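Subject: Structure handover

Hello,

Here is the structure for you to look over. My notes follow below it.

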Amino acid sequence: MGEVIRWSAFGCAVVPVVLLWYGTSLAGATGTALGLAAVTGVCRVLLRRSERGAARLRGEEHVPHRGRHHRTGTGAHRGGRRPGAATPVD
């Protein structure tokens with residue numbers, strides 16, 4: 001991600017210079033530079049959030065998911081009838 005951001009910052013610096021070279025007004029070049037800087041900042045935030053989400057998903061892959069009916073191990077019965085249990089007789 002760092003390399004992408006560096007190239008974006010480079011573009012934010014070069015584009016206004018090129019615009020001035022081709023005769024655009026200083027105000028126009030400055031506005032373009034500020035717009036590019038804003039877009040670069042938003043993209044940086046979105047890339048960082050995406051990387052954090054991907055890292056979180058990679059971390060959750062190794063944790064076994066136990067749903068409602070999954071057993072935690074053998075003999076882990078909760079309630080119900082058990083073989084050999086004493087039942088009242090009338």
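A word on accessibility before the details: buried means under 20% relative accessible area, exposed over 50%, and partly exposed in between, with a 1.4 Å probe and protein chains only. This is a predicted model, so local features need pLDDT of at least 70, side-chain atom pairs count only at pLDDT 80 or more, and totals for chains, interfaces and linings use all residues. Residues are numbered from 1 along each chain as its sequence is written, and side-chain values use heavy atoms, with hydrogens and water left out.

The two helices

Helices here are DSSP runs (H or I, at least four residues), numbered from the N terminus. H1 covers residues 2-21. H2 covers residues 26-61. How do H1 and H2 cross? Their axes come within 8 Å and cross at roughly 170 degrees. H1 is therefore roughly antiparallel to H2. That term applies to angles over 145 degrees. The axes are lines fitted to C-alpha atoms over the stretch in contact, and angles run from 0 to 180 degrees between N-to-C directions.

Contact means heavy atoms within 4.5 Å. On the H1 side, the contributors include Val4, Ile5, Ser8, Gly11, Cys12 and Val15. On the H2 side, they include Ala33, Leu36, Ala37, Thr40 and Arg44. By class, the contact has 13 nonpolar, four polar and one charged residues. For the classes, Ala, Val, Leu, Ile, Met, Phe, Trp, Tyr, Cys and Pro count as nonpolar, Asp, Glu, Lys and Arg as charged, and the others, Gly among them, as polar.

Thr40 sits in H2. Thr40 is buried, at 16% relative accessible area. Leaving out residues up to four places away in sequence, Thr40 touches Ile5, Ser8 and Cys12.

Leu36 is also placed in H2. Leu36 is partly exposed, at 30%. With residues up to four places away in sequence again left out, Leu36 touches Gly11, Cys12 and Val15.

The aromatic pair

How many aromatic pairs does the structure hold? There is one. Trp7 and Phe10 form it, edge-to-face, at 5.6 Å centre to centre with 90 degrees between the planes. Rings of Phe, Tyr and Trp (its six-membered ring) pair if their centres lie within 6.5 Å, and planes over 60 degrees apart count as edge-to-face. Both residues lie in H1, three residues apart, about one turn of the helix. Trp7 is exposed, with a relative accessible area of 56%. Phe10 is partly exposed, at 47%. Trp7 and Thr40 are 33 residues apart in sequence, yet 9.8 Å apart in space, C-alpha to C-alpha.

The cysteines

The structure holds zero disulfides. A disulfide is a pair of cysteine sulfur atoms within 2.5 Å. Cys12 is buried, at 15%. Cys43 is partly exposed, at 39%.

Best wishes

Note on methods:
Phe/Tyr/Trp six-rings, centres within 6.5 Å; stacked < 30°, edge-to-face > 60°. Parallel < 35°, antiparallel > 145°, perpendicular 65-115°, else oblique.
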